[in-house]
Each structure stands twice: as C-alpha cells, then as structure tokens.
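The following exercises ask the reader to work through a protein structure step by step.

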Protein chains: 2
Amino acid sequence: MDLQALFSPQSVAVIGASATPGKIGHTVLKNMIDAGFPGRLIPVNPKGGEIEGLPAVTSVAELPRGLDLGVICIPRQFVLDSLRELAAIGARAAIVITAGFKEVGRSGYHLEQEMAGIAREHGMALLGPNCLGLIDTAARVNATFATGKPQPGSIAFFSQSGALCVAILDWAAGAGVGFSSFVSLGNKAVLDEADMLQWLGRDDKTRVILGYLENVQDGQTFLARATEVTRNKPVIMLKSGTTAAGARAASSHTGAIAGSDQAYGAAFHKAGIIRAERVSELFDLARAFATQPLPKGPNLAVVTNAGGPGILAADAAERSRLIMASLSPSTLDKLKAFLPAYASLYNPIDIIGDADAERFRKTLAAVAADEHVHSLLVVLAPTATADVEAIAKAVTRIARESGKPVFGCFMGSQGVVAGHSILMEAGVPVYQFPEPAIASIEALARYAEWRASPEPEWVEITRDLNEARRIIEEARRWGVREIVEFQAQELLRAYNLPTPQTRLARSSEEAATAAGEIGYPVVLKIASAQISHKSDVGGVAVGLKNLKEVLHAFTDITSRAQRMRPEAYIMGCLVQAMAPKGSREVIVGFKRDDQFGPLVMFGLGGIYVEVLKDISFRLAPLSLADARDMIREVRSYMLLKGFRGEPAVNFQALERIILTMSALAMDFPEIYEAEFNPVLAGEQGAIVADVRLSLSS
Amino acid sequence: MDLQALFSPQSVAVIGASATPGKIGHTVLKNMIDAGFPGRLIPVNPKGGEIEGLPAVTSVAELPRGLDLGVICIPRQFVLDSLRELAAIGARAAIVITAGFKEVGRSGYHLEQEMAGIAREHGMALLGPNCLGLIDTAARVNATFATGKPQPGSIAFFSQSGALCVAILDWAAGAGVGFSSFVSLGNKAVLDEADMLQWLGRDDKTRVILGYLENVQDGQTFLARATEVTRNKPVIMLKSGTTAAGARAASSHTGAIAGSDQAYGAAFHKAGIIRAERVSELFDLARAFATQPLPKGPNLAVVTNAGGPGILAADAAERSRLIMASLSPSTLDKLKAFLPAYASLYNPIDIIGDADAERFRKTLAAVAADEHVHSLLVVLAPTATADVEAIAKAVTRIARESGKPVFGCFMGSQGVVAGHSILMEAGVPVYQFPEPAIASIEALARYAEWRASPEPEWVEITRDLNEARRIIEEARRWGVREIVEFQAQELLRAYNLPTPQTRLARSSEEAATAAGEIGYPVVLKIASAQISHKSDVGGVAVGLKNLKEVLHAFTDITSRAQRMRPEAYIMGCLVQAMAPKGSREVIVGFKRDDQFGPLVMFGLGGIYVEVLKDISFRLAPLSLADARDMIREVRSYMLLKGFRGEPAVNFQALERIILTMSALAMDFPEIYEAEFNPVLAGEQGAIVADVRLSLSS
C-alpha cells in the first residue's frame, strides 16, 4: 500500500479541530502548525470560523477533492460518517485518533470492522483507531496529540501502545534521540506492523526501524515484509505479553491475542529481526545501529583509565558473544613506546587514572589500527586529571577516522555530562555503565554476522505426494483425527523415511513368526487406531529376547489394552526390530502456530524435552542451515556428538528427518501437529520408530 | 578492630598537604575543610607556613600525641618513614593514598608488607595504600582527593576500585543518592572488606551496605563478618572478574587473584549477601533497600495509566520470583465503584490514559489495603491529562501510609522529571523503565524471605573419627596422594556410608568365587592404587551375567591395565554387586576453595554434570536445609523425583550422603578434593559405589 499520503501529505484536514486548548482537536492542529507543515492545513469544525489563525470549514464535504490526509478526533458516534464523507471526496489517507472500538468489547469491535470495510473499499490508508497519531519529521507532519515533539533523526518507531509512545517521546527529548517517523498503530483496523515495515524499509531517511508489538496481525505477511527489510536495515522489536501474566494483560487491554513466545522467537529469528529484551535496550540498540558502522568481526578492545570498570566491561564482554581482542605484537610495541610502566597493555587496556586526552588519543589510534580489533569501547571514570571534554573529542575523532564502530562508556553524571554531549552530537553512542554498552556492541556484531550469512540452501525432499495425500484423505473420510502407527508408517514410507522393520501380528503365533523373521530382540506395541498414547495402557514391551517372552508379552499387552480401553478396536500388536545399540532417542515435531504457521521443534527424548525444555524451534520451511542449527543449538547436543567415547550420530540423516518434517508441514496444511518420537539416531543413520499426526478439525 | 578514629576522628593530619591547587595534598585538605570537619585539622608540610588558612607543622613528629588520623599523600619513598613517625606519636589510624605498592610488582609488594607490619605492630587502623580515601558524612570527614562530594544518606559504599568510586560519586550527585560512608579500599594492606562489614554493620547511620569487590582478602573472616550483618542489614555486592577475561584483567591490574565464581556465589549465598549483576543494579537495589520496608510476601500489584508499559511490567514480574497478585473480591468491588468502564481491574490495573491524580489516589488506596498485595508499583506515562506532580504526591502518600513497599516507574524524561524529584525526595524509589523496578522489588522480596528463613538445622553425622584418621595417616605415611577403592572403602565405612558388596579378587578364580557369593550380575573394576581414572584404561566391566563373562573380564581388564600402565601395581579386580534396578547415578563431591574452604557440589551423573553443568554448590559446613536445597536446585531434579512413573529416590539417604561429604571436608583439612561417583540413589536408599580422595601436598 502506498503510504505517501499518510506520511508525507500535501494537504491535511483536522476533523474535530478545536480552538479550546487542552482538547485533542486543538492539540493536533497546534502540533501540525508548530511542526511547520508546509502544505495545506484545514480545520474542520461545525461552527466554522477561524481556529489558530486558519479558516475552518464546517463539514468534511466542504474539503477539497483528493485531500491527502484526514485526521479524525471527534466523538465515536460521528467517526464512521466522517470517514464515509472523506471517502466521498476521494481522500487518500485517514488517522482515527478516537478511541472506543475493538478495545471496549463487542459493540466497538463491530464498529471497527465497519470502519475497516469503508477504508478498504475506497483504498484509503487508515491508521488507528484508538491511537496517538503519526509524526514524520522530514515532511514536517505532527498529526498527534502528544505534548512532546521529536527531533529529526534516522530512527523510525512504531508502537502498538500509545502510552509507550508518549513515554518514549518524552524520554527521547531528554536523551537527544531524533526520529524520522513516529507512528502509533492503535487497534490496527487496517494498517499494521507489516505495512509499516514495508514503507519504512523503503524510506531513505530511516536507517533503523524500531517497533513495540503486543501481537502481530498477520504472521505470514509480517514475515515476508520483515525479511525484505532486514538484509538492508536493522529492525529491532520489543514484544510484550511474552509471559503468561503479560499475555493476560495484553488480552484484557487491547483485545489482542498474544501468540506463543516460541513462535515469536522463531519468527523474529527467521526474519532477521533483532529482539530487544527491555525498553532501555530498544533505544540503546537504536542509537548504536543509527550511528555506527557494522563491525567486521567479534573482537572488541576496551580502553580505559579505570581499572574496576574495565574489568566489569571485560566480564560483560565474556558473557556475550564478543571476544576480547588479542592485540598484535606491533600494536603492543607501539603502546609500550608511550604508555607509563604501570599501564596494562592487555585488553582491557588500562592506561591508568592519570591519563590525559593525548594518552587516550595515541592509545586509541594504535588500537583502532590493529587488524585484530573489530570494535572499540572507551571506558572513562572522571578522575581529577581527566579532561573529559578533550577525551570525548579524541574519541569522536577515532570514531570518524577509523571506520570501525566506536562506543563510549563515560561513567558518572555531572562530571561527564559535557563528554556525553560531545559524543552524542558526533554520533558516538555513549552509556553511563559498561553492561549496556557491551550489549549494544554485541547486537551490532550479531547482526553483521547474520547479514553476512549465505542465502539459505533449500533441500528438495523426494516424496510420493499422491500416496501421502491418499493416506490423509482416507483418514479424513473415516473421520479419524489422529493418524498413528500403521497408516502413519505408510506416510513415513511415502516420505522415504527409514522406519524399523515392522510386522502386524494379529495373534501371538503371528507375533512369534514375525519376531523370528526380524530377529531377536524385538519390541511389541499395541496396534489400535483408538490408542495413540500406547504407554498409558502399558502397550509397549521392549527387549523381548526369545519366543517365550514374545508370546507372553502379546497376551499381556492386548488383554490389558482391551480391559483399559474397552471401546478400542485392537488389531493385535506390531512387532518391531530393537533400536541398534548406541542409538540415541530424539524427538522431531511440529505444531501449527495460528500466526506464523508450522513451528518445527527438535530435542532429545526423555527428560531433555519434557523436563529440561531443551528444545530448538524454527518456522517452516526450513533451510539446510536451519536444520543444522536446530541440532547444534540444544544444550544436550554433546550427547549426539558423542560423549565419553561414544561415536557421533549420523547428522546428515538427522537433518534429513528434520527437513522432511518441514516438508510434511508445508505439504499438508490439514495436519495440525505431528511428532516423530522417538527417532533413533545412530552412527549409521536414523530411524523414525514412532509417529503421531493430528489433523485439523 | 575499632575504626572510630578512622571514620569519626577528632583530629586529622594531612601529611603532604599542599597550597598548590591540583595537587592531591591540596585537594584532600580542601575537601576536609569544605566538609566542615569540626575537629582539629593540621596540615603537615616541610615548608611549614599556612595552608588554606591553617598553620602547618613541618614534620609528623610535631603532631600532637594521640592523633586520631593521619592521611598520607606524599611520594612513595617517604611513606614508610611517615608511618613510623605516626606510630611513634601514637596515631590511631592512617589512610595511605599514595600508590606504587603491590599493584606495581615485587618491590612494591615488599614495601606494602613492611607497611602492614608497622600498622599491625602499633595497632593502627590502616586504609590503603593506593586508594582514593574515605568519606563519612555524619562525622563531616572527607579525606579523599575526589572532586565530587556526596550528600548525607543511609547507604554505605566500599570499593576495591578507586576509579569506580570516582564514577559513583559523580553519578550519585546527579541521581540525588546520599551516603553515610564512602570508602576506597585500595590495596587492602591491613583493612579489608571484612573490617568494613563489621564496622558498617554496627553503624546506626547505615541502613544498606554496598560493596564492589575484585577479590576477598580472607574468605573465612569475610563469611563470618557478613553473616553477622546480613540478618540485620542488607549487604549488596558487585563482584567483578567473574569470567575468565574479567579475572585476567583483575589479576593484571591490582595483583588480586580472583577466586572461582562458583565459590563466590556459594559464599554470598551462605552469608546472605545480595549479589548485583551490573553496576546500575547495585544502586537501584541500594535505593530500594535504603527507603522501603520489606514486603511480607511475593505478591505485586501494578497500577498504571499506560497499557503497554503495564504489560511490560507484568512480563518482567512473571520472569522474576514475584507473583502478580490476585485482588480480593472486595477490592474489585471498591475499584468498580469509581473506575471508568474501560479500565482493566485485573492486575496490572490499567486505569486508562486519562487518569488524573485523584483516580490514582483512590485506586492506590484500595489496592494497598488489599491483604493479598505485598508490594506496589505505579507505572506512569506522561499523558496529556496526567498531572505528574499531583500523581507523584499521591504515590508518596500511599508509600507513607500503607506500610508496604511502594515503587514508581515514571517513564520519560522532561515530562516526568518533577515527578521523579518528588518521589526521590519522599524516599520512594523511582525508575525510568519497568524492568529495573521489578528487579528491585524482587530483591526486596527475596531478602525478606531469606531473613524470615529459620535458623539452620545442623545434623550430627555419626562416624569413627579415629579409624578415619588412621586410614588417612597411613596413606600419608606411604606418600600416597590419592586414596581410591579399597582404602577409600574403609573410609566410607568409618563414616557409616552404605557401599555395595565388594570383594577384592587377586585371580580370575577368586573373582569367580566372589561373584558367586555376591550373586550375578556383578561389576568388575581394576584394583590398583596407581590407577584412579579406571575407565581411562578400560578398567570397568558392568553387567557380567555368568561365570564365563567374569573369567573373561578379569583377564581382559588386568592385562590391558598392565599394558597401558606398566608402572602400576595391579592388585587384581574388585568384584561388586550391580546397582539395584531403577537407581539413578548422582555425584557428590567437594573441592577446597583457597578463599572459602570446602565447596560441596551435587549433580546427576553422566551428561548432567559434565556437559550440562547442572550442578549445585554450597560451602561446608552444610545445614540440613542446604543439603535439601542442593538436591532440589538442579534442573534434573525431576529425574530424582521420578519421571514417567518411576518412583522417587530416597531423598533422606541422599541428604545424609551430602551431609557426610560436608563432615568429611570439615574433619580433614588435609583432604583437598573428594568425590563419591557414582552414588546410586534408589527407592530404598543410596549406595556410594565409588570414591576418590586427593590429599593436599
């Protein structure tokens, strides 16, 4: 959708403009005037007359045809009529500031639906309702009722919470942070985060896109838009409602239904979105990305006049993915030539409390020139001998000349305020404490790594789609919601997945014959379409070593199952080969997330998935790198790699099974959930020993 | 040690006082004068005359006998002589600001030792060297060369880093944080963190003690002092050098050798010290503890005019140990009576963007009166209708009247600055963002819980100490450094620990006989005092089911061991009973930390300890609660509790083994390390199947 008329209008009407200070309709008009809006600005008020020196029209119908933007701030009962009138004069965009729609319940929800319908029918770009409005500093548009006024800058921010907008505007004014655009999304009746990503991604004035989200309107569109943007511009998001309590709060206050946190995590990962964990981080990161080049690697050098804070920075770096750089011998020689004897040349480079600006300058020049150093952090304590302003200037010079990202951590308050100003003005991110500085540098390094990562490699999974469809359609015809065991085995074969040798035995004699053919030891499992959780009815016996044990197990399993589940039709037992020795149990599954589609999971069987929650997640479709990373990401990966002399499992076989799960999820939207459990991963290959699929209702 | 003369002197001499601004000797004297020091203040300078209006004496010898405090800021080569002269006139305390001692290497180290000797000999309380000095606001002492000057307050701060002191003083001035005392420890030649804890613990003006440490001088004394204090006053510590890179930096810059992070964690836990993870947290927590009462429980209520920020607070609370309180029905009724229809009554209580001070006041009164609510957080966005000052006053009133801890999160900058001031002045901790507010409230709740926890219960472990001593002395006599297997088994029996049935077999025939007596299946293990890592030489065979397997295993194990370790004396094999079915392998051990003594560890065998590092630590001696908590703290605890229908292990038996390990560590300081591995924990009891002990050299 072309949002030119919304972000950069030639003509704006304020519908509900008022001459009374304190009224929203007054604030919006005043904000537009104060922003220096260069286009045509028309107040609309039934009383007409002049408002803030501008002649008002008495109705929307009197507005010029082809108006770019109408800002609606009138009581709820008049909103829809005004919108229809705007449509009638061919207005191209509208902001509905008025509240009282979806967020207040059923009646509001229906009004909002109607509103969206009008806008869509007439191709009107509609922002809101229930929002603070929109600011575009380059277009000199401030169509909000906020009291603050942002400076121009290269950061764009959109937010699902108007209150957060208010707080952020106020905070940014104090922190000297400027914005290209500032958008309050409100209830997202028409325009949502995906539209913002698309527009801001193409906006030359925007270098970094920030967002605060409580939910995502349309997961697939969001993913597609974000993926287009993130290779060119960093997108940083704060997602709230990530915990149960948060999600309850989110639902009760905007009517938004929060998706599962794992799905959001996987979606952000897939789209290359940087996730902020807290409000302060959102803006720490924004400042870093807006001003600094991306580092060419993870190696950080810390230069400081303060021993303790230097150690704290090293601690924080060690906990991150950054690496404390080892300086090259020639750099060490350079430093030795002028640093005092008590200085510590090893990173963190402690140039001692009596360091002046010149010592900082020479040290920074030497360190920045070292090819092993990818980024620099200057940690300063305002000691008596430190000329903070001169040091700040030395830092800005290195930042300008080195081509590497440079950050300041000037600790303190009054003693460093002048230094903070100099650095901020020169576009060097500066922090009060070491830890957030390190977090920002790490985010830059991660993003650089991600952007440099190769395009995903897609692996074609050969499969018999017709056969697979036949099985699923047959199940649906029979009204079966869960596909287990025998039918599921057929499906596995259609996907060329290796399965253990299996025979259906309808009697204990058949079981004995099958076991003889397969070879001892064997496993017996209850075979019944009605019993999906076999172990709940004691329906599995493993390690049966001889004829006697097989005969006994068959009778035992089938009679208990019939007793416990009298309604079930018991076909008999499946006889299966035992897992090869040394094989490890893993679980591969997917669940269809309402927002983002199939969320594939991987983990080790037993306690690892169920108790330790040691699981990796990705959204389908998966690339080869996704499958590889999923395996390597779990903490129990060491068990697969081989622990205490055990051989490694066959990773290629495991990757193939994960990719097949992804293909299955993409092939059949009617499958709601699927799980291969256990997959027996061994040195030679991997076997899918059991499987369950649920179909959507 | 009585530190009265140091913190609250009647007479102070500045040795090296100077009339030249910019010199340390000038700044110290000036700071003393500016602080309004009410006692006698005497500059010492060889030139004599008058400095800053005070008559100077030309040497230390001229100072009055029984001087309280001498502050030494003269070149290094004169320091020791001055100190001797101070001793000669009977001075009671000294601060050595001069640097160039332990931190510069060997020569400095010896000078510092000499300095400490003089002070100890004469019972002089010596702070430093290489420090910034000391401030006590109540005594109007500022014996530092810092440029900042702290406000009086109830927070005491001591720091091993002078640079951090400088930064913190500067920061505190901007943040309006006041201090009772402010101490730069420097190299800790005599006075260290333990002395500070003792003094500040008894200081009525100090409500909260903060410390920044790079290492601890004397672990046992530190533990003892801290434990005395923390039940009465919160002690909050930031420990740096926690990571490998940080520790390297710490060693190179102060010559301090950082202890292992686990030992520090266990020490802080044992002593009830609250550990801050970052610099900002140190002071966020300090403000909270200095002003608020402790909550009576974990239930938090969040009242807000800002939906999004309210959700963010709920998210943060959910991730913490706090619980979002459920309001009682009567509170809900009260709220319904005056809140607008669109308000959300469920915690977070969203009273909507147009809330005025009166609505805040009534809501807070109702919520604070609810007995299910233990603490309150007010999250405010500076909306157009919010009268921030009036709301701040409403919050301070509730804080004053409710008797419950109350916190503010007033988001923004210029729009909330007046609110921040009102809250800070009234002693209500206020934050810009929700996350640090929640972290502070959580710390208060945890500390309250800890302080309410019962006194530790000590369990007497019955043991034959004489027999145990005999075994260990015999090993020492033989020059053995590791006690394994047979001797170790005897030690286990001396401690009444259950061990599996074991026989030493010197030949394959003896092995067969032993296996027959014990009953199949059995385990064979190589028996040699020189081989402690048995599996490295393939020295263990498990699950031997019959005579043939035992005979074969014996030959196999002994011949391979002799081949791989030709120097070892192979006694034969131990024949042991197999672990009972369903038993789980755990590891119990200890390692003697240089600083804090025996660090006991507990974890599950296999991947859990070695790969997942799923281990709990405590310092010996352990109370019953310690042993219980160690078992329950590991993530894999569920495996012990019983997973998938397995029975729980016998926890009492496991606790007894952990407590015995603690007793063993306390009984024999000559044991450096010990490990019971594996301990077989089953439904009935637990058996120590193998054990290794190392003696100190």
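**Exercise 1. Determine which residues R632(B) touches beyond its neighbours within four places in sequence, and describe its setting.**

Solution. This is a predicted model.

Step 1. Once the neighbours within four places in sequence are set aside, R632(B) is in contact with Y637(B), F651(B) and E655(B).

Step 2. R632(B) belongs to helix α22 of chain B. A polar atom of the R632(B) side chain lies 3.1 Å from the backbone oxygen of R628(B).

Step 3. The relative accessible area of R632(B) is 36%. Buried requires a value under 20% and exposed a value over 50%, so R632(B) is classed as partly exposed.

Step 4. In sequence, R632(B) and S616(B) are 16 residues apart; in space, their C-alpha atoms are 8.9 Å apart.

**Exercise 2. Identify the buried residues of helix α22 of chain B and state what they pack against.**

Solution. 

Step 1. Helix α22 of chain B covers residues 624–633, and its buried residues are L624(B), D626(B), A627(B), M630(B) and I631(B). They cover an arc of only 170° around the axis, and therefore lie on the same side of α22(B).

Step 2. The packing partners of these buried residues, in chain B, are α9, β27 (597–604), β28, α23 (637–641) and α24 (651–667).

**Exercise 3. Describe helix α7 of chain B: its span, its buried residues and its start.**

Solution. 

Step 1. Helix α7(B) runs over residues 219–230, which is 12 residues. From first C-alpha to last it reaches 16 Å, close to the 16 Å expected at 1.5 Å a residue.

Step 2. G219(B), F222(B), L223(B), A226(B), V229(B) and T230(B) are the buried residues of α7(B). Because their arc around the axis is only 135°, they are on the same side of α7(B).

Step 3. Among the elements of chain B against which the buried residues of α7(B) pack are α6 (193–202), α9 (261–271), α16 (434–452) and β28 (615–619).

Step 4. At the start of α7(B), a side-chain oxygen of D218(B) comes to within 3.2 Å of the backbone nitrogen of Q220(B).

**Exercise 4. Summarise chain A as a whole, then locate T660(A) within chain A.**

Solution. 

Step 1. Chain A has 24 helices and 31 strands. Its C-alpha trace spans about 95 × 80 × 40 Å along the principal axes.

Step 2. Of the 697 residues in chain A, 60% are buried. The accessible surface of chain A is about 27,100 Å², and carbon and sulfur atoms account for 51% of that surface.

Step 3. Consider contacts in chain A between residues at least 6 apart in sequence: 71% of them join residues at least 24 apart.

Step 4. T660(A) is found in helix α24 (residues 651–667) of chain A, and T660(A) is buried at a relative accessible area of 1%. Beyond its neighbours within four places in sequence, T660(A) is in contact with I461(A), Y495(A) and L497(A).

Notes
Residues are numbered from 1 along each chain as its sequence is written. Chains are lettered from A and ligands numbered from 1 in the order in which they are written. This is a predicted model: local features need pLDDT of at least 70, side-chain atom pairs count only at pLDDT 80 or more; totals for chains, interfaces and linings use all residues. Side-chain values use heavy atoms; hydrogens and water are left out. Helices (H or I, at least four residues) and strands (E, at least two) are DSSP runs, numbered from the N terminus. The expected span of a helix is 1.5 Å times one less than its number of residues. Buried means under 20% relative accessible area, exposed over 50%, partly exposed in between (1.4 Å probe, protein chains only). The arc is that of the directions from the helix axis to the C-beta atoms. Contact means heavy atoms within 4.5 Å. A polar contact is a pair of N or O atoms within 3.5 Å; within protein, one must be able to donate a hydrogen and the other to accept it, and residues adjacent in sequence count only if both atoms are side-chain atoms. Accessible areas come from the Shrake-Rupley method with a 1.4 Å probe; for residues, only the protein chains shown count as cover.
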